[in-house]
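Please keep the sequence and the structure in view while reading.

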Amino acid sequence: MAAKEYYLHHKTAPYPKSVPIPKDVPKVQGYDFNQGVDHRALLQSYLTMGFQATNLGMAIQEVNNMIEHRLKPVEAEEGSEQTDSRPTGCTIFLGYTSNLISCGVRESIRYLAEHNMVDVMVTTAGGIEEDFIKCLAPTYLGDFALPGKDLHQKGLNRIGNLLMPNDNYAMFEEWLLPILDQMLQEQNTKGTRWTPSKMIHRLGKEINNENSVYYWAYKHNIPVFSPALTDGALGDVFYLFSSKKPGLVLDIVEDICRLNDITVSTKKSGMIILGGGLPKHHIANSNFMRNGANYSVYINTGQEFDGSDAGARPDEAVSWGKIRTDAKPVKVFADASLVFPLLVAETFALRVDELTADKKTD
């Protein structure tokens, strides 16, 4: 029966009868500003707002689940990774791309390292070097539309709508070269075996600046892994240094063994991954060694239609055994600069007293 004939016969539109909605299914409901401006209540309302607001609300719940289990102490097992912190019920891995250190998300990441709230960090070369560069000179706000040719002639480099002067890299090179010289001496005279994570630890000590993410990682002995440490200004300086004083070696095999040893010894594992690329896969692949992470939050804008790992949803990682089949992972399709500080506000920052209780009683 055609739609018009159906309507003339039944005097109603041809809607199939709805099945009953279970009583426990949440109703869509946003924040009512007639209640005043309550930012905590506003963020809590995201869970029932729909779309990516709901995904962010679910991500907040997932991170709070990580924290709940992290607060449960466990006995250290013989041969496990030694840190300054007590063993915890959930090891939290934080991964992020370099642009998140370039922008103001760096301060949120530094806060987590400063208060020893995460256990392992993974990033790219840019995610390392730009933290140290910011301790030497600032990054500036620009505009996405600034012409590249004009900027190049002025010695300015554009990172989205941020500007990094060439002078900043010159200062970084000047700061780094003497440290590399000392590291090479220690390798040759003391037999020191350098790895990317050991180098980052050393640089965190040398920068001696409380604004630095890696200063606090050094202070709390939080391992920071960056297997592609040569892919950036750091690699440029390595090249220049080695052309005059060859021989400095960074062992990435030792680092992958260290990372995987940490991962397989965890009671539970939680992944917070901002962006895609190397940090995303390096953490996920390490969790494959323990049959998958228990908790996972992805925040990125990547799409999966091109088959890239960067855009892959968490369910693809489930197929590889990198996230457990009984897990409830969340992906927030959003720019991390918009949502990660909000997530930190409703999770780590809200529970800072619980998470730092041991430190305060020392």
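Which residue's side chain meets that of arginine 193 in a salt bridge? The partner is glutamate 254, at 3.4 Å from N to O; a salt bridge here is a side-chain nitrogen of Lys or Arg within 4 Å of a carboxyl oxygen of Asp or Glu. Arginine 193 sits in the loop between helix 8 and helix 9 (196–207), and glutamate 254 belongs to helix 12, 61 residues apart. Helices (H or I, at least four residues) and strands (E, at least two) are DSSP runs, numbered from the N terminus.

This is a predicted model, in which local features need pLDDT of at least 70 and side-chain atom pairs count only at pLDDT 80 or more, while totals for chains, interfaces and linings use all residues. Residues are numbered from 1 along each chain as its sequence is written, and side-chain values use heavy atoms, with hydrogens and water left out.

With a relative accessible area of 52%, arginine 193 is exposed, whereas glutamate 254, at 24%, is partly exposed. Buried means under 20% relative accessible area, exposed over 50%, and partly exposed in between (1.4 Å probe, protein chains only). Both residues belong to a salt-bridge network that also includes Lys198 and Asp251.

The structure holds 15 salt bridges. In one of them, aspartate 181 and lysine 245 bring their closest N and O atoms to 2.6 Å. This pair spans 64 residues, from helix 8 (residues 166–190) to the loop between helix 11 (233–244) and helix 12 (252–264). Another joins aspartate 309 to lysine 280, with the closest N and O atoms 4.0 Å apart. Lysine 280 is buried at 2% relative accessibility, and aspartate 309 is partly exposed at 29%.

Six strands make up an open, parallel sheet in the order 6-2-1-7-8-9; two strands pair if DSSP finds at least two bridges between them. Strand 6 (224–225) and strand 9 (330–333) are the edges, each with a single partner strand, so one side of each has no neighbour in the sheet. Strand 2 (residues 120–123) is joined to strand 6 by two bridges, and methionine 121 stands opposite valine 224 in strand 6.
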